[in-house]
Amino acid sequence: MPKHSSSSLNPRSPLVLDTRDLPRRPGALRTVKRAVPAPADLGVELIGVPEGADLDLDLRLESVSEGVLVSGTITGPVKGECGRCLREIDDSVVVNVQELYAYENSTTDETTDEDEVGRMQDDLIDLEPALRDAVVLKLPTNPLCREDCPGLCPECGVHWDDLPADHSHQEIDPRWASLSQLNRTEE
């Protein structure tokens, strides 16, 4: 994140937190509880939070000497498909966030790298990058509908749970077909 972005944040954006009413003295605290719509592309290939779905923010904004520490939980629905059987997954995700946002022109500018600490812009905090990092890192890259999902039969593509126990696609290589007759007993 650049130290001083040329584009300003929109204070009306749901994932932008306004800290003007939070005193700049260490220990001052404010809580934020609200539902916000999920941004686009919040997830990985097979699972993610649907765009526009309600994300519940339960956050604490605490003044510290160099900025504002944002901590709390974010909860939201996730939808996707099982990586083994392709069945739909409907679940929820709860992530913890804890991120320091430095005041503009604080000593943090000199003591930290550009991308090490978030930066405030005109008393505004853009929560989206921290939210995106927390949610995407929490989601499985290969989600399962259940832990013991058997997947699909590689031959016919039917879910193993829907097939009889003796299901098989035994094919005999024509070059060996005459040898399979040796195992048969005369009737």
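Let me start with how residues are sorted: Ala, Val, Leu, Ile, Met, Phe, Trp, Tyr, Cys and Pro count as nonpolar, Asp, Glu, Lys and Arg as charged, and the others, Gly among them, as polar. We will want that for the pocket.

Hello everyone. What we have here is a predicted model, where local features need pLDDT of at least 70, side-chain atom pairs count only at pLDDT 80 or more, and totals for chains, interfaces and linings use all residues. Residues are numbered from 1 along each chain as its sequence is written, and side-chain values use heavy atoms, with hydrogens and water left out.

First, the overall picture. The protein has three helices and nine strands; these are DSSP runs, H or I of at least four residues for helices and E of at least two for strands, numbered from the N terminus. Along the sequence, the order is β-β-β-β-β-β-β-α-β-β-α-α. Of its 187 residues, 34% are buried, where buried means under 20% relative accessible area, exposed over 50%, and partly exposed in between, with a 1.4 Å probe and protein chains only. The accessible surface is about 11900 Å², and carbon and sulfur atoms hold 46% of that; areas come from the Shrake-Rupley method with a 1.4 Å probe, and for residues only the protein chains shown count as cover. Taking contacts with a separation of 6 or more, 59% are between residues 24 or more positions apart, a contact being heavy atoms within 4.5 Å.

Now to the pocket. Which residues line the second largest pocket? They are Ile-47, Val-78, Ile-89, Asp-91, Ser-92, Val-93, Lys-138, Leu-139, Pro-140, Pro-143, Leu-144 and Cys-145. By the sorting I began with, the lining has nine nonpolar residues, one polar and two charged. Strand β7, residues 88-102, gives the most, with four residues. The space inside is about 170 Å³. As for the method, on a 1 Å grid over the protein atoms alone, a pocket is an open set of points with protein on both sides within 12 Å along at least five of seven lines, whereas a cavity is a set where a 1.4 Å probe fits but cannot get out; lining residues have an atom within 4 Å of a point. Grid points are joined across faces, edges and corners, and the volume is the space filled by probe spheres set on them.

Next, Arg-30, in strand β2, residues 29-37. Why does Arg-30 count as buried? Because its relative accessible area is 18%. Its side chain reaches the backbone oxygen of Asp-18 at 2.7 Å, and a 2.6 Å polar contact joins it to the side chain of Asp-21. A polar contact is a pair of N or O atoms within 3.5 Å; within protein, one must be able to donate a hydrogen and the other to accept it, and residues adjacent in sequence count only if both atoms are side-chain atoms.

Ser-63 sits in strand β5, residues 54-64, and is buried at 1% relative accessibility. Leaving out residues up to four places away in sequence, Ser-63 touches several residues, including Leu-22, Pro-26 and Tyr-103.

Finally, the loops. Asp-41, between β2 and β3, is exposed at 70%, with a positive phi near 55 degrees. Leu-86, between β6 and β7, also has a positive phi, about 70 degrees, although it is not a glycine. Pro-154, between α2 and α3, is exposed at 72%.
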